[in-house]
Amino acid sequence: MSKHTTGPWKYVEGGWVDSTSTPNVAYCGQLGIRTAEEQIANGKLIAAAPDLLEACQALPIGILDHDFIDAADFKDNAEPFLRAMRLARRAIAKATGGQP
């Protein structure tokens, strides 16, 4: 699998998603099909992709293999769970334009 462009990414006016290492990672500009509001929302979602990936990767090993966790699992691994939750909240806020 190839490596994606280094983040963080950000949506910039005009429909572009840039990274700190290179401009023009993606274009979400209005091509007559999307409204300006949808263009901006798409750009923010794409810009949050590296953050969303990091949040998912921060989940403790094995958590993605289970449908639930019990209290003992959380108690013994609280910090990795809390870190993953913080990362997820920030990524969601970035994608939606809200506050973490």
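Author: Let us begin with the sheet, an open one of three strands in the order 1-2-3 with antiparallel pairing. This is a predicted model, in which local features need pLDDT of at least 70 and side-chain atom pairs count only at pLDDT 80 or more, while totals for chains, interfaces and linings use all residues. Residues are numbered from 1 along each chain as its sequence is written, and side-chain values use heavy atoms, with hydrogens and water left out.

Reader: Which strands stand at the edges of the sheet?

Author: Strands here are DSSP runs (E, at least two residues), and helices are runs of H or I with at least four residues, both numbered from the N terminus. Two strands pair if DSSP finds at least two bridges between them. Each edge strand has a single partner strand, so one side of each is left without a neighbour in the sheet, and these are strand 1 (9-12) and strand 3 (26-27).

Reader: Which residue in strand 3 is the bridge partner of V17?

Author: Strand 2 (residues 16-19) pairs with strand 3 in the antiparallel sense over two bridges. For V17, the bridge partner in strand 3 is A26.

Reader: At about what angle does helix 1 run to strand 1?

Author: Axes are lines fitted to C-alpha atoms, for helices over the stretch in contact (heavy atoms within 4.5 Å). Angles run from 0 to 180 degrees between N-to-C directions. Helix 1 (residues 36-47) lies across strand 1, strand 2 and strand 3, and its angle to strand 1 is about 165°.

Reader: How far apart in space are V25 and W9?

Author: V25 lies in the loop between strand 2 and strand 3, and, leaving aside residues up to four places away in sequence, V25 touches T5, W9, V17, D18 and S19. Although V25 and W9 are 16 residues apart in sequence, their C-alpha to C-alpha distance is 8.2 Å.

Reader: How many residues apart in sequence are the parts that D51 and K94 tie together?

Author: D51 forms a salt bridge with K94 (a side-chain nitrogen of Lys or Arg within 4 Å of a carboxyl oxygen of Asp or Glu), the closest N and O atoms being 3.0 Å apart. D51 lies in helix 2 (residues 49-58) and K94 in helix 4 (residues 78-96), so the parts tied together are apart in sequence by 43 residues.
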